[in-house]
Amino acid sequence: MRAGLCEKMKIYRWNILLALRCTLLLLFLLPLLPYTSSHRLESLSSGQPEVPQHLQSFREEIIIGECVSTIHLKLFLLNFTVHPEIASSGWFLSKQYQHLLAFVFALNEIKKNSKLSPNTTLGSHIYENAFNPLRSSQGILDVLFREKPTRVNYDCDRKKKVSYGSFHATMTEKTQFPYLFRMVPNETPQCVGIVHLLKHFGWNWIGLLTSDDDSGENFLQNLIPRLFQSNICIALKENIPTAGIFTESIIILVSIVQKIWISKLNVILLYGDDEYMDGFRAILQYFEIDHRLPIERVWIATSQWDVTSILPRGKFTAKSLNGSLSFALHTNKVPGFQDFIEVINPFQSKIYAIQQFWYSVFFCSLPLYNLYWPHNKNCTGKEKLDSVPGTMFEMGMSVRFNNSAGDEIFFDENGDWAAGYDIVNLVTFPNETFQKIQVGWVISKRIAGEEFTLNRSLLMWNHRFHQNVPRSTCVESCPTGHSKIVQEGKQVCCYNCAQCSEGKIAAETDADQCEKCTEDEYPNQKRDKCIPKSRTYLSYEDPVGAGLASIAALCFVATVIVMGIFATHWNTPIVKANNQSITCVLLSTLLLGFPCSFLFIGQPGTVTCLLRQMLFGIIFCIAVSCILAKTITVVVAFMATKPGNRMRKWVGKRLAMSVIFPCCFIQTGICALWLATSPPFLEFDTHSQTGHIIIQCNEGSDIMFYIVLGYMGLLATISFMVAFLARTLPDSFNEAKLITFSMLEAHLVTLGQSLSA
């Protein structure tokens, strides 16, 4: 409870601190307020007074117009009651000037190459739209009509249009824009790459900051379903306002930073262009530079925003952005572009707004053009662009579309450039310099190759994470041997963990569900892997198997000794009087019966499974039949001694054979029927014992097995009853008593076999 109260007090103090800081922040950002005068901006955007002569419109056969955004205007909130006011001052974005230089370079290359424009006069016109749709529309109409008056409802769809920065989803409708070609790939590969990147590091609890416009909304509609399909949850989702609405933006952005700080999110995805992200950049600068509170996170920026660019007179937030990841349009070096950059200067180069660019990046004054930096020296024109920090201008910028770069250029059916995105890791240094390291890429499915590639060994993380892979999850990962259980009323990323049930494992952390081991495997104690089951059977090494085998061997030896004694005294009266033929058959079956026990010991096979029950059943049946015949013979012999008894003629071998053969024939028939209908077979029992596969014989048909067993029990019961009736015979003929005892043993054998089955 005390910990919760302390946490609430921290949040309360944070809110008070933020309220004070918002006031200070307004004062801090006042120097960053628009400084470009109204007159200067109008001259830049009109394209008339300061546009070099060779770029002005004239009567050429082909006119190429470009609308650029090198100035960020201050905006005003719209109340839809009065005509919207358009600002005439703003920030000059030096890094955006790269696009204009690339355009001028491309025009020069086309003019020098007669194969690209044979017998054609090429003209051009540059318009400053300052991130304003109204200015863009006006510039396009000026290119189309030039000296003619603008016609209402003019259909300009048949005019070729090339866009190098538009990601808007409506632009992909070829029925509406059949002649629009975009020099940027479709956003779908970028969304796919973002999902792959998050899944690669196991980040499923992220923040999502998008621009508060249609592009941001379309991006969310494309990305969010993919995140949900991959079980990636959005812990924080906020819209970033445009930086031009200055005062209102600060309040919203400070609130967003507060939520990020309290939520302790480690991974935050950013979507938006400079018009929206410059305000967020200013907030990062305020916290890191002025208050030494860098917002150190894993920032993942989309290709619309260059995280290294800064506002005029701004500072680079090296600590906050260190280790960030961004998706960048795939580019290659273009021959000649570097040389073109190195020779330009504000006095000789006739390029649109070159003086404003020079004035902004070198912080020097140009009195000839009414551009002054207080207390700074004048520009000489000998300044070198390679000395400009990368946050303001990059010498290594590459043109995105040029056959001379060696790229295979083609458009898909929607008029989009079928290319991909590079994944760039930003490494910053204390002196506000940085290095961009390409650590992977994501390409369109239309291009052959692996869709997502990432080299983790090249990654450098923010200092906050001490070069360990950052974690960004709602809960701790479920360890191996456990699966995720979704909690009711919470997002799927905020789950509980439950140990796998019996027979199942989870070999990976954060397993969605436990997997069942195969039948020949079983889980270990931690239930994180399957272990092969050991095969077991009644072996001779087993104490039970060894004991049974020893008893069977002793009985076999005892039977052999008895047979030897019996054979030695074959012609003696006692042997002859004891039904020597039946006794000989009985001893022979016993001699064969004891080795049958070895069929039940050792690893069973297909043949042993087929034979062991049949052989034992028939041999045991013969033995019991012989005992029954001997018993009946003794009883009949005493009955035949009475005068006039007709049983005299049955005394002898005739009576014994008439008992033995029918009894054995019935048992043999039952066994033959068993083999014909459902014979025994080899079976691997994987369920009876955990960790063991029991190799055993399946009897095939339990009914036939119990019929064979029951028949032997019936014969033993009849023999027992007959022997019991003969118990009163004279002691000299006490064989019946011994037979009675043997029948008790037969019953025990039958019962034991039933239990073993």
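How many helices and how many strands are there in the protein chain? Counting DSSP runs (helices are H or I of at least four residues, strands are E of at least two, both numbered from the N terminus), there are 18 helices and 23 strands.

Colleagues, a word on provenance. This is a predicted model, in which local features need pLDDT of at least 70 and side-chain atom pairs count only at pLDDT 80 or more, while totals for chains, interfaces and linings use all residues. Residues are numbered from 1 along each chain as its sequence is written, and side-chain values use heavy atoms, with hydrogens and water left out.

I turn to the chain as a whole. Of its 757 residues, 45% count as buried, that is, under 20% relative accessible area, with exposed being over 50% and partly exposed in between (1.4 Å probe, protein chains only). The chain exposes about 39600 Å², and carbon and sulfur atoms supply 59% of that area; the areas come from the Shrake-Rupley method with a 1.4 Å probe. If a contact is heavy atoms within 4.5 Å, then 69% of the contacts with a separation of 6 or more are made by residues 24 or more positions apart.

Next, the sheet. Eight strands form an open, mixed sheet in the order β8-β7-β9-β10-β11-β12-β13-β14, where two strands pair if DSSP finds at least two bridges between them. Its edges are β8 (233–240) and β14 (452–454), each of which pairs on one side only. From one strand to the next, the twist averages 25°. Helix α5 (residues 187–201) packs on this sheet and touches several strands, including β7 (205–211) and β9 (267–271), with its direction at about 45° to that of β14. Here axes are lines fitted to C-alpha atoms, for helices over the stretch in contact, and angles run from 0 to 180 degrees between N-to-C directions.

Which strand deserves a slide of its own? Strand β11 (residues 325–329) pairs with β12 (residues 421–428) in the antiparallel sense over five bridges; S326 is partnered with V424, and F327 with I423. Towards β10, the pairing is parallel, through two bridges, and I300 has L325 as its bridge partner. Four of the five residues of β11 are buried, so the strand is largely enclosed by the rest of the structure.

Finally, the annotation. An unreviewed UniProt entry lists "transmembrane region" for several spans, among them 544–570 and 659–677; such annotations may be inferred rather than shown by experiment. Residues 544–570 are 93% helix and 0% strand, with end C-alpha atoms 38 Å apart. Residues 659–677 are 100% helix and 0% strand, and their end C-alpha atoms lie 28 Å apart.
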